[in-house]
Amino acid sequence: MSDHVSATAPSAPTRSTNRAFSVFAALLLFAGALSAFLVGRWLPDTEPDAKLWWTGPLLVIGFLLAEQLAINVDVRSGVAWTISFTEIPLVLGLLVAPFEIVLAAHVVAGVGTLLGRRVLDRAVYNAGLMFMEISVAFAVAELVKRFLGAQGPFWAGAFVGTIAVPLLASVLGLTALRIMGKGMRVAPSLRLVLQTLVVALLNTSAGLAGYEIADKAPWGGLLIGLVFLGITAIYLAYSGLLREQRDLEALSEVSLRVARSGRHVTGPRGATPEEDDGCGEDDDWQLIAERIREQLNANRVVLRLRTDPQAPMRTLVAGEPLPPGMRRDDPRVLREDAMLQLPGAQVRYFRIVDAGEEVSEALVRRDAQEALVVPLRGATQLLGAVEVHDRLSRWRGFGKADIQLLRTLASHLSTAVDNRRLLARLRHDAYHDPLTGLLNRPGFREAATEPMREANTSVVVRVDLTVLSTVSDALGQAWGNRMVVAAGRRLRDELGPEVPLARLEGGAFAALLLDRQAEQIQEIAERLRAALSVPYPVDRLTVEAGAVVGWATTTDCEVEEPDPDALLQRADVAVRATSDNEPLRQYAPSMGQIFLRRFQLVTQFRSALENGQISVHYQPKVALPSRQVVGAEALVRWKHPEFGRVDPDEFVPAVEATGLVDVLTDFVMDTALARVRLWIDRGLRMSIAVNLSVRTLADEEFPDRVAAALKRHDVPPELLTFELTESGVMADPERALPVLRRLHQMGVVLAVDDFGTGYSSLAYLRQLPVDEVKIDKSFVLGMGTDLGDMAVVRSIVELGHSLGLTVVAEGVEDDAARDQLVGMGCDVAQGYLISRPLSEDRFEAWLRARTVQVRGARDETVLTLVH
Ligand code: C2E
Ligand code: CA
Ligand code: CA
């Protein structure tokens with residue numbers, strides 16, 4: 001017979017199904033015993049035959065052998081189809097032995113097998129089934145015998161009786177399944193019954209044919225014995241092969257699934273590995289657990305896994321749910337669990353019948369009779385464990401082959417999980433910026449594409465930290481990096497965790513905003529800029545930084561389905577179109593032109609110098625209140641053949657960015673010093689102020705070039721002033737300070753330009769070797785209308801003086817401002833009121849027209865402004 005269905009009888013059902021099954025099993029035992037009693041009474045008594053005593057032990061051996069050779073053929077559906085050879089001893093028993101002896105042999109063999117394998121939990125069901133089977137077989141056989149009478153073959157009754165048994169077992173087994181809520185659909189049930197019948201027919205015929213030959217032919221018994229041995233050998237080899245093949249199938253399937261599960265691993269959606277909840281991934285692990293359960297024909301598989309080092313251990317259960325007490329993944333409970341103490345990587349086999357106290361307890365907690373447990377060990381650490389509980393079989397517990405399969409599976413799983421982690425790492429790295437942990441450019445592209453498609457309007461906001469390159473140049477990469485990390489954190493805080501945020505490169509960030517109003521975006525842009533503009537504490541210094549923000553919305557785009565790259569590129573253009581006055585810009589198509597123009601300016605600058613398109617203009621500086629012309633500021637000009645006059649505000653920053661600024665500074669300094677030389681030759685003592693770029697201050701060789709230029713033009717150093725911006729020095733103090741000190745030691749005058757716009761305090765000026773402050777023109781221009789500006793100017797004048805500095809006011813456009821500055825005691829004025837910046841020729845003309853020569857205090861010629 002085939003015990004295929006009883007094989008699915010659960011070893012540890014849940015409580016409610018357990019009760020139903022127990023009732024069913026008890027009923028079956030009762031029915032089996034009753035039918036055995038009735039059939040025994042009903043069958044005609046066989047004459048006692050001396051020959052019969054040995055049939056008992058022989059049948060026991062036969063039944064035992066038949067059960068030992070049983071093999072599960074198909075476990076795909078979760079129901080094992082077991083081929084066994086039970087029909088052979090049964091049909092022989094029906095032919096030669098009385099009912100009581102066959103029944104006893106069957107029960108003895110069955111109980112023996114169960115005892116041998118220590119699976120006693122289904123004893124009631126199985127005992128009932130055994131009684132039932134033998135009773136039905138004898139009853140059917142007797143009925144057939146009576147029906148046929150003397151006609152037909154003598155073995156007809158035994159034949160039909162034997163065939164009836166697997167049918168009965170199938171029906172009872174399917175009923176048991178249904179009771180346990182694991183019912184099968186009709187078609188597979190029928191197929192199963194049919195397959196069972198085929199095997200039963202084969203076994204029965206073989207048994208009968210063997211009997212005939214053994215009985216009739218001389219030496220027939222030996223012949224049959226040999227045939228039986230041969231078939232057994234082939235069968236054993238074949239079943240081994242079959243199992244191996246099935247195991248391989250399972251292995252490759254599990255490995256494939258694990259490999260595939262890697263696809264769910266952290267996408268670029270801004271999720272760090274800790275945030276990845278691995279939703280879709282759990283499904284895969286669930287399927288893997290399911291597959292292992294199927295393959296090992298177990299009641300339950302518990303897969304404990306930690307795919308991510310930071311995440312807690314996950315527990316997946318296939319088959320019977322774990323009892324409530326075991327459901328918690330409490331790591332402490334797990335650590336103390338006797339079954340999970342797993343040194344090495346071996347599979348351990350625990351059975352409640354022979355386990356120690358602690359393991360027994362662990363098994364009871366799991367509501368399991370037996371368990372295979374194997375740790376999953378990665379290259380460096382424990383990744384988890386697999387527990388396989390209770391083999392679903394009428395006779396057998398887990399065997400050697402199961403252990404071997406589980407070991408191989410576990411090693412595959414470990415490798416796969418290890419690889420998956422690596423893959424996750426790689427994938428994460430591919431989409432994230434290692435410094436800030438934010439997305440990188442490809443990651444942003446990935447993360448933005450889908451949401452952009454779904455949103456009505458999308459906006460890519462680009463935020464650029466403005467002084468970063470200077471900080472990195474001056475203080476080293478590490479400081480620059482710290483600033484970037486801090487900036488990234490500030491942006492994340494402002495935007496919240498949901499918004500895709502990337503670091504593009506350097507101090508450039510991008511964020512994706514969806515379905516926002518124009519005002520909202522403006523407000524967010526302002527917030528982001530403000531957040532990044534808060535000073536950055538670096539060591540004991542505080543680094544001032546600014547930020548510019550540019551953005552582009554999908555509505556700016558002509559194309560139907562704009563991609564993140566298009567928006568990024570436009571936001572980039574918008575950022576480039578920002579200026580000090582307009583640090584926030586939305587992309588406009590005309591900006592493309594500006595961008596192009598700036599690009600041209602940068603590439604054409606050097607040739608422009610050589611072609612004489614670059615010149616220096618001079619704006620006079622006048623002492624207050626004496627009106628003596630103390631000198632002039634040299635301001636660079638570019639007369640472009642195509643664009644006409646280009647403002648330095650436009651091209652100087654562009655030139656600065658390319659590193660050509662040294663060429664510019666040297667050119668202006670050289671031209672200006674040549675002018676001073678001319679004045680000296682005419683007996684005029686006037687100084688010239690040259691603007692320095694932040695970059696120049698980081699150049700250690702600059703002081704040497706200055707000294708050479710002074711020497712070349714034979715100009716005393718005190719007639720040369722360098723104007724440097726406050727933020728320029730601040731961003732770069734460590735490298736700027738030595739340069740400044742050397743210049744100062746040479747006797748060159750140093751002035752802080754645009755004072756008041758930065759953040760550093762006047763007290764800080766004390767530490768700088770400067771001689772002069774220039775109050776930024778915005779305060780001077782605002783002085784007439786804004787009391788605040790007035791107060792700023794006044795305090796700068798006072799504090800500057802208290803520090804012993806010359807105070808210069810630039811942007812003096814009217815008499816009122818000049819008079820106020822005089823009243824405050826400001827030393828020098830510069831502005832349109834006195835003169836606009838003028839070309840060489842016009843400056844000379846201005847000098848001639850607007851000044852008179854007077855004798856100075858040290859008997860030198862000085863020029864004084866006429867009214
Ligand atoms: P800055 O050093 O603050 O130069 C003063 C600017 O204010 C000049 O603009 C000048 O034309 C303008 N200005 C002078 N008086 C008044 C006034 O009364 N009212 C108003 N509204 N503006 C006044 P310019 O020449 O366009 O220069 C702009 C900036 O370009 C300069 O600002 C300076 O930072 C930079 N720059 C100019 N020449 C050079 C140079 O040779 N090298 C470097 N590195 N930068 C330069
Ligand atoms: Ca200046
Ligand atoms: Ca200025």
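Visitor: Glutamate 810: buried or exposed?
Guide: Buried. Its relative accessibility is 7%, and buried means under 20%. This is a predicted model, so the value is computed from predicted coordinates.

Visitor: Where in the fold is glutamate 810?
Guide: Glutamate 810 sits in strand β22.

Visitor: Which residues does glutamate 810 contact, sequence neighbours aside?
Guide: Leaving out neighbours within four places in sequence, glutamate 810 touches Glu633, Asp753, Asp754, Lys774, Ile775, Asp776, Lys777, Val780 and Gln830.

Visitor: Is aspartate 753 buried or exposed?
Guide: Aspartate 753 is buried, at 7% relative accessible area.

Visitor: Now the calcium ion (ligand 2). What are its protein donors?
Guide: Glu633 (OE), Asn691 (OD1), Glu723 (OE) and Asp753 (OD). They lie 2.1 to 2.3 Å from the ion.

Visitor: What spacing there?
Guide: The donors of the calcium ion (ligand 2) run E-x57-N-x31-E-x29-D along the chain. Glutamate 633 is in strand β16 (residues 629-640), and aspartate 753 in strand β20 is 120 residues away from it. This pair, too, links distant parts of the chain.

Visitor: Why call glutamate 633 buried?
Guide: Because its relative accessible area is 4%, and the cut-off for buried is under 20%.

Visitor: Switching to helices. How do α18 and α19 cross?
Guide: Their axes come within 9 Å and cross at roughly 65 degrees. The crossing is right-handed. Helix α18 spans residues 589-610, and helix α19 spans residues 648-658.

Visitor: Which residues make that contact?
Guide: From α18, they are Arg597, Arg598, Leu601, Val602 and Phe605. From α19, they are Glu650, Phe651, Ala654, Val655 and Thr658.

Visitor: How many of them are nonpolar, polar and charged?
Guide: In the contact of α18 with α19, six are nonpolar, one is polar and three are charged.

Visitor: Which residues does UniProt list as "transmembrane region"?
Guide: The unreviewed UniProt entry lists residues 20-40, 52-71, 91-116, 123-141, 153-180, 192-211 and 217-238.

Visitor: What does the model show for residues 123-141?
Guide: That span is 100% helix and 0% strand. Its end C-alpha atoms lie 27 Å apart.

Visitor: And what about residues 217-238?
Guide: Residues 217-238 are 86% helix and 0% strand. The end C-alpha atoms of that span are 30 Å apart.

Visitor: Last one. Where is leucine 322?
Guide: Leucine 322 is in the loop between β4 (314-319) and α10 (331-336). It is buried, with a relative accessible area of 3%.

Visitor: How many residues separate leucine 322 from arginine 366?
Guide: They are 44 residues apart in sequence. In space, their C-alpha atoms are 6.3 Å apart.

Key
Residues are numbered from 1 along each chain as its sequence is written. Chains are lettered from A and ligands numbered from 1 in the order in which they are written. This is a predicted model: local features need pLDDT of at least 70, side-chain atom pairs count only at pLDDT 80 or more; totals for chains, interfaces and linings use all residues. Side-chain values use heavy atoms; hydrogens and water are left out. Axes are lines fitted to C-alpha atoms, for helices over the stretch in contact, and angles run from 0 to 180 degrees between N-to-C directions. Helices (H or I, at least four residues) and strands (E, at least two) are DSSP runs, numbered from the N terminus. A crossing is left-handed if the near helix is turned anticlockwise from the far one by less than a right angle, and right-handed if clockwise. Contact means heavy atoms within 4.5 Å. Ala, Val, Leu, Ile, Met, Phe, Trp, Tyr, Cys and Pro count as nonpolar, Asp, Glu, Lys and Arg as charged, and the others, Gly among them, as polar. UniProt positions are given in the numbering used here, feature names are shortened, and annotations may be inferred rather than shown by experiment. Donors are N, O and S atoms within 2.8 Å of the metal (3.2 Å for Na, K and Ca); water is not among the atoms, so sites may look incomplete. Buried means under 20% relative accessible area, exposed over 50%, partly exposed in between (1.4 Å probe, protein chains only).
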